[in-house]
Amino acid sequence: MVYDSAATRARLIEAAYGEFVAHGLAGARVDRIAKAAPANKQAIYAYFGSKDELFDAVLEARLRVLADVVPFTPDDLAGYAGALFDAFTDDPDLIRLTQWKALERPEASAAERDNHLAKAQAVADARGAELEAGMDALMIALSAAQSWLFTPHGIRNPGGDDEAARRDRHRAAVVAAVAAMTDQLLPPSG
């Protein structure tokens with residue numbers, strides 16, 4: 001039998017994604033992850049060290065996929081928010097995973113902080129603005145992109161319209177709102 005450590009690691013990350021989405025970090029169980037993988041429970045500790053480190057690896061892997069799917073466009077924050085909206089509504093589990101992280105480990109890691117600061121600076125630089133204005137614009141754009149999933153189903157479609165049509169109208173509203181907000185907080189330079 002040939003042992004493929006990369007395949008085992010990938011199966012563990014995929015199984016852990018489902019477990020962490022469903023149960024969060026505190027509620028997730030390594031025995032369920034190992035069974036779903038399928039892999040030896042000890043492989044989790046061998047590859048990742050701990051359940052916490054496995055959670056970090058899962059979150060990092062999913063955010064890396066998101067970054068590949070939705071390239072950051074600091075000069076088009078509204079377009080970025082629209083693309084994020086699409087990605088989040090296509091994979092709502094990613095939002096759930098990040099919410100578990102925010103609830104159970106609200107402190108930002110150095111990598112998270114550096115990533116957001118770099119993005120905020122790029123937004124500010126694209127408009128010749130200060131970092132703080134870039135951070136405000138980025139935070140609002142990120143929140144707007146998640147708004148559909150943060151609103152309960154029965155509230156986000158009050159007229160009972162076709163769900164896809166209502167989603168498309170909300171997406172258009174997100175893009176328009178982020179564009180207007182960007183122009184308000186970061187007036188175009190020149």
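Colleague: Quick one to start: is F88 buried or exposed?

Modeller: F88 is buried, with a relative accessible area of 6%. Buried means under 20% relative accessible area, exposed over 50%, and partly exposed in between, using a 1.4 Å probe and protein chains only. This is a predicted model, where local features need pLDDT of at least 70, side-chain atom pairs count only at pLDDT 80 or more, and totals for chains, interfaces and linings use all residues. Residues are numbered from 1 along each chain as its sequence is written, and side-chain values use heavy atoms, with hydrogens and water left out.

Colleague: Thanks! Which helix holds F88, and what does F88 touch?

Modeller: F88 sits in helix α5. Helices (H or I, at least four residues) and strands (E, at least two) are DSSP runs, numbered from the N terminus. Not counting residues up to four places away in sequence, F88 touches L66, L94, I95, A145, Q146 and L149. Contact here means heavy atoms within 4.5 Å.

Colleague: How much of α5 is buried?

Modeller: Ten of the 14 residues in α5 are buried, so the helix is mostly covered. Among them are L77, Y80, L84 and F85. The cover over the buried residues of α5 includes α4 (51-69), α6 (92-104), α7, α8 and α10 (163-185).

Colleague: And what length does α5 reach?

Modeller: Helix α5 (residues 77-90) reaches 20 Å from its first C-alpha to its last, close to the 20 Å expected at 1.5 Å a residue. That expected span is 1.5 Å times one less than the number of residues.

Colleague: Zooming out, how many helices and strands are there?

Modeller: The protein has ten helices and zero strands. Its C-alpha atoms fill a box of roughly 65 × 40 × 30 Å, taken along the principal axes. Buried residues make up 36% of the 190 residues.

Colleague: Let's talk packing. At what angle do α7 and α8 pack?

Modeller: Helix α7 (residues 110-127) and α8 pack at an angle of about 110°, with their axes 7 Å apart. Axes are lines fitted to C-alpha atoms, for helices over the stretch in contact, and angles run from 0 to 180 degrees between N-to-C directions. The two helices α7 and α8 are therefore roughly perpendicular to each other. Angles under 35 degrees count as roughly parallel, over 145 as roughly antiparallel, 65 to 115 as roughly perpendicular and the rest as oblique. The residues of this contact of α7 with α8 divide into nine nonpolar, three polar and one charged. Ala, Val, Leu, Ile, Met, Phe, Trp, Tyr, Cys and Pro count as nonpolar, Asp, Glu, Lys and Arg as charged, and the others, Gly among them, as polar.

Colleague: Which residues does α6 use to meet α8?

Modeller: P92, I95 and Q99 in α6 meet Q146, L149 and F150 in α8. By class, that contact of α6 with α8 has four nonpolar, two polar and no charged residues.

Colleague: Last topic: which residues have the most contacts inside the largest nonpolar core?

Modeller: Those are F20 and V178, in a core of 50 residues. Helix α8 (residues 131-150) gives the most to this core, with nine residues. A nonpolar core is a set of buried Ala, Val, Leu, Ile, Met, Phe, Trp, Tyr and Cys residues joined through side-chain atoms within 4.5 Å.

Colleague: What about E19, buried or exposed?

Modeller: E19 counts as buried, at 9% relative accessibility. E19 lies in helix α1 (residues 5-27).
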